[in-house]
Amino acid sequence: RPLLGARPQERTDNTLKEVIPKSKFCTSIWNLQKERLLSTDHITALGIKERDKIPEAISNSPIYRSFYRMTDKASNKQPSDKDWNELEKLLNREYDQFTDKLNSLCKLSETEYHVSMLIKLNFEPSKIANLVCCSLSNVSTIRRRLYTKVFNKKAGTKECDDFIKSI
């Protein structure tokens with residue numbers, strides 16, 4: 001039962017402490033942290049349009065522009081490891097350690113991580129497919145699998161994208 005007068009997050013924490021034996025407490029707190037990332041309050045506080053905006057420091061950066069140019073099917077160029085590393089540094093600087101937050105939730109393959117970075121930057125699935133050298137259906141599968149990995153439940157691609165953008 002929620003505690004009256006407490007904020008929603010405090011109610012959940014206090015309720016967990018009362019109900020869950022200490023041996024399971026750490027696991028439950030971990031799951032609670034994952035759920036908080038997707039909580040309605042968190043996503044609402046960001047605002048859908050605000051959350052989807054790319055900071056100017058990113059959109060004006062040479063590496064972002066380079067990635068965007070590489071999404072053109074006529075371009076035969078693929079991102080190098082150096083390009084991915086530079087994009088990662090930019091993301092971590094502008095989105096407060098995006099990589100650490102994402103890696104704290106589950107272990108990602110290199111492709112899952114690259115797809116996550118591109119989702120965070122609002123690249124369309126077809127452009128993501130070009131950048132990670134796979135089919136559009138494979139990108140969709142990666143997005144659904146990523147959500148399942150983190151939350152241990154199935155969901156659509158939109159839920160995965162919403163989750164990544166909320167980090």
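**Lys101 and Asp96**

I looked up Lys101 first. Lys101 is partly exposed, with a relative accessible area of 33%. I am working on a predicted model here. Next I checked the partner. Lys101 and Asp96 join their side chains in a salt bridge, at 3.7 Å from N to O. The cut-off for such a pair is 4 Å, so this one counts. Asp96 is exposed, and I note 54% for its relative accessible area.

I moved on to Lys149. Its side chain meets that of Glu112 in a salt bridge, 2.7 Å from N to O. The pair ties together distant parts of the chain: Lys149 lies in helix α11 (residues 136–151), Glu112 in helix α9, and they are 37 residues apart. Is Glu112 buried or exposed? I find Glu112 buried, with a relative accessible area of 2%. Lys149 is partly exposed, at 37% relative accessible area. I then looked for further links. Arg145 joins Glu112 and Lys149 in a network of salt bridges.

**Asp162 and Lys158**

I checked helix α12 as well. Asp162 and Lys158 form a salt bridge, with their closest N and O atoms 2.8 Å apart. Both sit in helix α12 (residues 157–166), four residues apart, so about one helical turn separates them. Asp162 is buried, with a relative accessible area of 18%. The cut-off for buried is under 20%, so Asp162 falls within that class. Lys158 is exposed, at 55%. I noted the total too: the count comes to six salt bridges.

**Helices α9 and α10**

I returned to α9, the helix of Glu112. How do the axes of α9 and α10 cross? Helix α9 (residues 110–120) and helix α10 (residues 125–132) have axes that come within 10 Å and cross at roughly 140°. I record the crossing as right-handed. I listed the residues in contact. From α9 these are His114, Val115, Leu118 and Ile119; from α10 they are Ile128, Leu131 and Val132. By class, I get six nonpolar residues, one polar and no charged ones.

**Whole chain**

The protein chain has 12 helices and zero strands. It has 167 residues, and 40% of them are buried. I took contacts between residues at least 6 apart in sequence; 57% of these join residues at least 24 apart. The chain exposes about 10,200 Å², and carbon and sulfur atoms supply 51% of that area.

Definitions and conventions: Residues are numbered from 1 along each chain as its sequence is written. This is a predicted model: local features need pLDDT of at least 70, side-chain atom pairs count only at pLDDT 80 or more; totals for chains, interfaces and linings use all residues. Side-chain values use heavy atoms; hydrogens and water are left out. Axes are lines fitted to C-alpha atoms, for helices over the stretch in contact, and angles run from 0 to 180 degrees between N-to-C directions. Helices (H or I, at least four residues) and strands (E, at least two) are DSSP runs, numbered from the N terminus. A crossing is left-handed if the near helix is turned anticlockwise from the far one by less than a right angle, and right-handed if clockwise. Contact means heavy atoms within 4.5 Å. Ala, Val, Leu, Ile, Met, Phe, Trp, Tyr, Cys and Pro count as nonpolar, Asp, Glu, Lys and Arg as charged, and the others, Gly among them, as polar. Buried means under 20% relative accessible area, exposed over 50%, partly exposed in between (1.4 Å probe, protein chains only). Accessible areas come from the Shrake-Rupley method with a 1.4 Å probe; for residues, only the protein chains shown count as cover.
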